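Keep the sequence and the model open beside you, and try each task before reading on.

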Amino acid sequence: MFTFSLTLVRHGETQYNRDKLLQGQGVDTPLSETGVQQGEAVGKYLRDIPFNNVFASNLQRAVQTAVIIRRNNTHCSGTEMVLEPLLRERGFGVAEGHPKDDLKNMANAAGQSCRDYTPPGGETLDQVKLRFKKFLKVLFKQMLDERGWSGPDASAGASEAGGAANGPAAAASGIAPVGSAEDGLQGVSVHALVVSHGAYIRVAVKHLVEDLQSSLPAGVKMSQLFSPCPNTGISRFIITLSQSESRPVLSAARCVFTNRKDHLENLTAAQ
């Protein structure tokens, strides 16, 4: 077994976010001043987590946020950042660059909910989920390949992974204080950071929870799990892999938290 943490972060605010305009993939805007401050805040919040792997959507709002997080981190300033097109925001077709209310009106006219509606030229939720599933394959393979872990008989990598697999149980015992940036990481020695986008992260969380049957925090409501992710909101899962004959497969997944925004409290108060 091989266990690692997966921390998902949405990019910081852009002017389009502030103006409630859809960006998707076709509108590639930089962070606003507030977005940069949010990036600094989440970077400082996560500064002590030694991320071994850093992945970001190749849209500039995600790249900027990942750069800020990495710069603030005390461990991973030299870690290579992989720009991954599979992590791009959901494509919203003809609705990109227009007010979000336009998308709501289009969805209403089609008799669908706004979240489920696909505007002309846009991506369906299933297409976004397929991109995330492809990314997970890339992620799983890279995490194992980099550590020379090929199965239960591998030497150092397997013994480390076996120890790390005790991490979720240790975290569940309440060793870390509630709200700590290290929640869920006890006993886990390998950590991956992914910086992406709001609609994409919602699809990713739903796939991890509903399709991959992640165990959930005690008392959490599904509405809370799948609520919109705020700018620089943080979600975390603990992933355990095993090796089949041809590829790594997911043995277990646990959701630690979703859409956390503790790091933004002082920033919001200052505004």
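Helices here are DSSP runs of H or I with at least four residues, and they are numbered from the N terminus. With that rule, Met143 lies in helix H5. Please keep in mind that this is a predicted model.

**Exercise 1. Get an overview of the chain: how many helices and strands are there in the chain, and what percentage of its residues count as buried?**

Step 1. Go through the secondary structure: the chain has 10 helices and 6 strands.

Step 2. Turn to accessibility, where buried means under 20% relative accessible area. Of the 271 residues in the chain, 51% count as buried.

Step 3. Among contacts in the chain with a separation of 6 or more, 78% are between residues 24 or more positions apart.

**Exercise 2. Describe the surroundings of Met143: is this residue buried or exposed, and which residues does Met143 touch beyond its sequence neighbours?**

Step 1. Check its accessibility. Met143 has a relative accessibility of 0%, so it counts as buried.

Step 2. List its partners, leaving out residues up to four places away in sequence: Met143 touches Phe2, Phe4, Asn53, Val190 and Ala192.

Step 3. Met143 and Asn52 are 91 residues apart in sequence, and their C-alpha atoms are 9.1 Å apart in space.

**Exercise 3. Work out how H5 packs with H8: at what angle do the two helices pack, and how far apart are their axes?**

Step 1. Helix H5 (residues 125–145) and H8 pack at an angle of about 75°, and their axes are 9 Å apart.

Step 2. Classify the angle. The range from 65 to 115 degrees counts as roughly perpendicular, and H5 and H8 are therefore roughly perpendicular to each other.

Step 3. Name the residues in the contact. H5 contributes Leu125, Val128, Lys129, Arg131, Phe132, Lys133, Phe135 and Leu136, while H8 contributes Tyr200, Val203, Ala204, His207, Leu208 and Asp211.

Step 4. Sort them by class: the contact of H5 with H8 has 9 nonpolar, 1 polar and 4 charged residues.

**Exercise 4. Characterise the largest pocket: what is its volume, and which element gives the largest share of its lining?**

Step 1. Start with the volume, which is about 1000 Å³ for the largest pocket.

Step 2. Find the centre. The largest pocket is lined by 40 residues, and the closest to its centre are Arg10, Lys100, Gly198, Pro228 and Cys229.

Step 3. Assign the lining to elements. Those that give two or more residues are helix H1 (15–18), helix H2 (33–45), helix H4 (100–109), helix H8 (198–211) and helix H10 (265–270). H8 gives the largest share, with 5 residues.

Step 4. Count the classes: the lining of the largest pocket has 15 nonpolar, 12 polar and 13 charged residues.

**Exercise 5. Examine the backbone at Lys20 and Gln213: where do Lys20 and Gln213 lie?**

Step 1. Recall the background: most residues other than glycine have a negative phi.

Step 2. Inspect Lys20. This residue is not a glycine, yet its phi is positive, at about 60°. Lys20 lies in the loop between H1 and H2, and at 56% relative accessibility it counts as exposed.

Step 3. Inspect Gln213, which is not a glycine either and has a positive phi of about 55°. Gln213 sits in the loop between H8 and helix H9 (222–225), and it is exposed, with a relative accessible area of 65%.

Key
Residues are numbered from 1 along each chain as its sequence is written. This is a predicted model: local features need pLDDT of at least 70, side-chain atom pairs count only at pLDDT 80 or more; totals for chains, interfaces and linings use all residues. Side-chain values use heavy atoms; hydrogens and water are left out. On a 1 Å grid over the protein atoms alone, a cavity is a set of points where a 1.4 Å probe fits but cannot get out, and a pocket is an open set with protein on both sides within 12 Å along at least five of seven lines; lining residues have an atom within 4 Å of a point. Grid points are joined across faces, edges and corners, and a volume is the space filled by probe spheres set on the points. Ala, Val, Leu, Ile, Met, Phe, Trp, Tyr, Cys and Pro count as nonpolar, Asp, Glu, Lys and Arg as charged, and the others, Gly among them, as polar. Buried means under 20% relative accessible area, exposed over 50%, partly exposed in between (1.4 Å probe, protein chains only). Axes are lines fitted to C-alpha atoms, for helices over the stretch in contact, and angles run from 0 to 180 degrees between N-to-C directions. Angles under 35 degrees count as roughly parallel, over 145 as roughly antiparallel, 65 to 115 as roughly perpendicular and the rest as oblique. Contact means heavy atoms within 4.5 Å.
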